[in-house]
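Subject: Structure for your review

Dear colleague,

Please find below the structure that I am handing over to you. I would be grateful if you could read the notes that follow alongside it.

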Amino acid sequence: MSSAGLKRKPSGLELAGALAPITGDLPATTGTRVEVEPSAKHRQAATEAAPKVELVQVNFRASKGLAKLIARLSAERGSTRRLVAQLLQLDGHEVPEVDLNPPDTRRRYDD
């Protein structure tokens, strides 16, 4: 891939020069941090801590067709980890519960 079509990264001095006219009228920060009590609507429910399990990453190369199939089935099952664990369990293997029902670590936003 050639770098002919790529723009160079601006320097800090160039960024400061570009931002100064736009941000010059903003008030300075006070350095005092104000803690705001979140409303009940925006509070997140406390979740149980997931059991500590040593994890390792597993990956492999596959054809595009197999990758699409894995992606579709994983979306239906909730995760690739859960898909593989369920398939292994169906094949008669003993699979740890934490892999059959892994904790949901996705970020959630109320907006």
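The notes below cover the salt bridges and then one arginine. Please bear in mind throughout that this is a predicted model.

Salt bridges

The count of salt bridges in the model comes to three.

One of them joins arginine 8 to glutamate 14, with the closest N and O atoms 2.6 Å apart. Arginine 8 has a relative accessible area of 60% and is therefore exposed, since exposed means over 50%.

Another salt bridge is formed by the side chains of arginine 72 and glutamate 76, at 3.3 Å from N to O. Both residues belong to helix H2, which covers residues 64-77; because they are four residues apart there, about one helical turn separates them. As to accessibility, arginine 72 is partly exposed, with a relative accessible area of 46%, whereas glutamate 76 counts as exposed at 54%.

A further salt bridge brings together the side chains of arginine 81 and aspartate 99, with an N to O distance of 2.8 Å. Arginine 81 is located in helix H3 and aspartate 99 in helix H4 (residues 97-100), so this pair ties together parts that are 18 residues apart in sequence. Arginine 81 is partly exposed, at 30% relative accessibility. Aspartate 99 is also partly exposed, its relative accessible area being 21%.

Arginine 82

I would also draw your attention to arginine 82, which is placed in helix H3, spanning residues 80-90. Is this residue buried or exposed? Its relative accessibility is 19%, so arginine 82 counts as buried, given that buried means under 20%.

Which residues does arginine 82 touch, leaving aside those up to four places away in sequence? They are Arg77, Asp99, Leu100, Asn101 and Pro102. Asp99 in this list is the aspartate whose side chain meets that of arginine 81 in a salt bridge. With arginine 77, there is a polar approach as well: a polar atom of the arginine 82 side chain lies 3.2 Å from the backbone oxygen of arginine 77.

Yours sincerely

Notes: Residues are numbered from 1 along each chain as its sequence is written. This is a predicted model: local features need pLDDT of at least 70, side-chain atom pairs count only at pLDDT 80 or more; totals for chains, interfaces and linings use all residues. Side-chain values use heavy atoms; hydrogens and water are left out. Helices (H or I, at least four residues) and strands (E, at least two) are DSSP runs, numbered from the N terminus. Buried means under 20% relative accessible area, exposed over 50%, partly exposed in between (1.4 Å probe, protein chains only). A polar contact is a pair of N or O atoms within 3.5 Å; within protein, one must be able to donate a hydrogen and the other to accept it, and residues adjacent in sequence count only if both atoms are side-chain atoms. Contact means heavy atoms within 4.5 Å. A salt bridge is a side-chain nitrogen of Lys or Arg within 4 Å of a carboxyl oxygen of Asp or Glu.
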